[in-house]
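I opened this model today to look up its helices, its sheet and its cores. My entries follow.

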Amino acid sequence: MTAPEITPEEQVELDKALYDALNPLVAAVRSRKTGLPAERMWDADPIEVALSALAAWKVVDVEVRRLTAQAAATAGSYGASYEQLGAVWGITRQGARKKWPDAVRRPTPVTADARTLALFGGTAELVQASSGDWSWTGKGADGASSMAGDGARYATAEEAAAHAGAFLKGHALDTSGRP
């Protein structure tokens with residue numbers, strides 16, 4: 001997938017939607033700064049009004065960057081590579097890795113010696129019973145704890161890890177630190 005192109009008509013509609021969304025924020029920023037009611041924001045020095053608009057665009061820019069990082073992390077959690085993220089954004093694989101360093105996470109492999117799985121900000125302990133079956137207990141990044149349901153036992157460590165990984169993914173935090 002490559003970076004999308006939009007038509008001139010779509011550009012006009014996008015600009016209108018952005019300005020319509022921005023105007024209440026500009027009015028609120030201007031009102032807080034001057035103490036004037038929002039409906040009187042234009043009764044001021046044009047430079048000050050323009051600077052209020054710029055301040056509101058800064059707020060939007062920060063929010064767009066946060067949501068962009070969240071979208072990249074979501075794509076990465078579903079298996080997108082940095083090459084794919086870069087192609088969509090119109091940058092190189094290395095550029096995507098630099099822009100969103102934590103977007104693409106590779107699962108920690110489970111080996112006979114490794115019994116801890118760390119994914120999506122949480123951890124799970126894989127436990128092998130004397131019968132040879134496997135189970136797990138885990139704590140997600142959001143603080144939720146769980147274990148293999150209904151005493152479930154799995155034939156392999158990889159199968160237990162897959163189920164534990166699904167739990168950890170469901171209890172990850174987004175890029176803002178919220179569940």
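**Helix α2.** I looked up what covers the buried residues of α2, and the cover includes α1 (8–34) and α3 (82–89). Buried means under 20% relative accessible area, with exposed over 50% and partly exposed in between (1.4 Å probe, protein chains only). Helices are DSSP runs of H or I of at least four residues, strands are E runs of at least two, and both are numbered from the N terminus. This is a predicted model: local features need pLDDT of at least 70, side-chain atom pairs count only at pLDDT 80 or more, and totals for chains, interfaces and linings use all residues. Residues are numbered from 1 along each chain as its sequence is written, and side-chain values use heavy atoms, leaving out hydrogens and water.

The buried residues of α2 are V49, S52, A56, T68, A72, A73 and G76. I then checked the length of α2 (residues 46–77). Its 32 residues should span 46 Å at 1.5 Å a residue, and its end C-alpha atoms are 46 Å apart, which agrees. The expected span is 1.5 Å times one less than the number of residues. After α2 comes G79, with a positive phi near 110 degrees.

**Helix α3.** Here I found Y82, L85 and G86 buried. Seen down the axis of α3, they fall within an arc of 95 degrees, so they line one face of the helix. The arc is that of the directions from the helix axis to the C-beta atoms. Their cover includes α2 and α4 (93–99).

I traced an open sheet of four strands in the order β1-β2-β3-β4, with antiparallel pairing. Two strands pair if DSSP finds at least two bridges between them. β1 and β4 (145–147) stand at the edges with a single partner strand each, so one side of each has no neighbour in the sheet. β2 and β3 pair over six bridges. In that pair, L126 stands opposite W136.

**The cores.** Which residues touch the most other members of the largest nonpolar core? They are L126 and W136, in a core of 15 residues. Such a core is a set of buried Ala, Val, Leu, Ile, Met, Phe, Trp, Tyr and Cys residues joined through side-chain atoms within 4.5 Å. β1 (116–119), β2 (122–128), β3 (134–139) and α5 (157–170) each supply at least two residues. α5 gives the largest share, six residues. A second, separate core of eight residues includes A72, A80, L85 and W100.

Definitions and conventions
Contact means heavy atoms within 4.5 Å.
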